[in-house]
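Please look over the model below before reading my points. Keep it open as you read.

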Amino acid sequence: MPTGSPTTKSEFPWWLAAALVLALAAALAIASSDLYAQVFAAVAKGIGITILVTAVAFALASAFGLGIALMALSGSQWLRQIARFYVEIIRGVPILVLLFWIAFAGAPAFVAAWNALTAPLQSAGLIGELLVRDVSLLWRAIMALTIGYSAFISEVFRAGIQSVERGQIEAAKALGLTRAQRFRLIVFPQAIRTILPPLGNDFVAMVKDSSLVSVLGVADITQIGKVYAAGSFRFFETYSIVAYIYLILTVGLSLALRALEQRLRRQHRE
């Protein structure tokens, strides 16, 4: 008889039941305590910014990462080398360091380059000069997360695309499908089943890493919590609420993504 851990299919999700009980207890504590309710109302103002930063940065990182993955799988050696250089360099830089570099070095360099390229248009009075302060800290943070996560997401796309059997691609070629048609009709629909779980993990990770934008003063959950705690000296209550909100967001997303993954598996078996 085989030994080892029991299969997860027959297990009751006790961890989820415990998490729901704790979440319900925390919700009741917030509802019944004026202090916790006040802290929650203040900190919750940053939820919109957190969701905005995560959604926009993840969408841009996914599109950019897909482009990098296609370059890595290209028939051109130069494109493959450029893609590999980008992935290895960006993955070697911590997100926080990348955030500071984009905000305080990359943005001014971009503004200088833009003004140099558009100097004739500016001289003609068609457009105005771009200033560093015109590039908001919010968009600097979004671009830093986009660049940082695109390197990881590109590897997810590359592995998923390579998981599709070569014979199916050859059959599609024999049918006369173009490269774009093969990717859209044959490769990507099959690769998405492999791509979705790690891509979902990256999305949840970005929700947590979006808290790093608070170092730039962007008014997300963490930044508002930091300001509120510094002003009220209610550090325990404030950061407990901050952790509670992040847990609700990340655990909820993880469960939704797991349900979607299981649904895709059932459809594949059918």
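My notes on a predicted model follow.

1. Ground rules. Residues are numbered from 1 along each chain as its sequence is written. Local features need pLDDT of at least 70, side-chain atom pairs count only at pLDDT 80 or more, totals for chains, interfaces and linings use all residues, and side-chain values use heavy atoms, without hydrogens and water.

2. Helix 7. Helices here are DSSP runs (H or I, at least four residues), numbered from the N terminus. Helix 7 covers residues 137-162 and includes Ser150. A kink of about 35 degrees is centred on Ser150. The bend is the angle between axes fitted to the seven residues ending there and the seven starting there.

3. Ser150. Is Ser150 buried or exposed? Ser150 is buried because its relative accessibility is 0%. Buried means under 20% relative accessible area, exposed over 50%, partly exposed in between (1.4 Å probe, protein chains only). Leaving out residues up to four places away in sequence, Ser150 touches Ala61, Phe64, Gly65 and Tyr86. Contact means heavy atoms within 4.5 Å.

4. Aromatic pairs. The whole structure has seven. Rings of Phe, Tyr and Trp (its six-membered ring) pair if their centres lie within 6.5 Å; planes under 30 degrees apart are stacked, over 60 edge-to-face, the rest tilted. Phe64 and Tyr86 are edge-to-face, because their centres are 5.5 Å apart and their planes at 65 degrees. This pair links helix 3 (residues 47-72), which holds Phe64, to helix 4 (residues 77-91), which holds Tyr86.

5. Exposure of that pair. Phe64 is partly exposed, at 37% relative accessibility. Tyr86 is buried, at 17%.

Terms used. Helix = DSSP H or I, 4+ residues; strand = E, 2+ residues; numbered from the N terminus.
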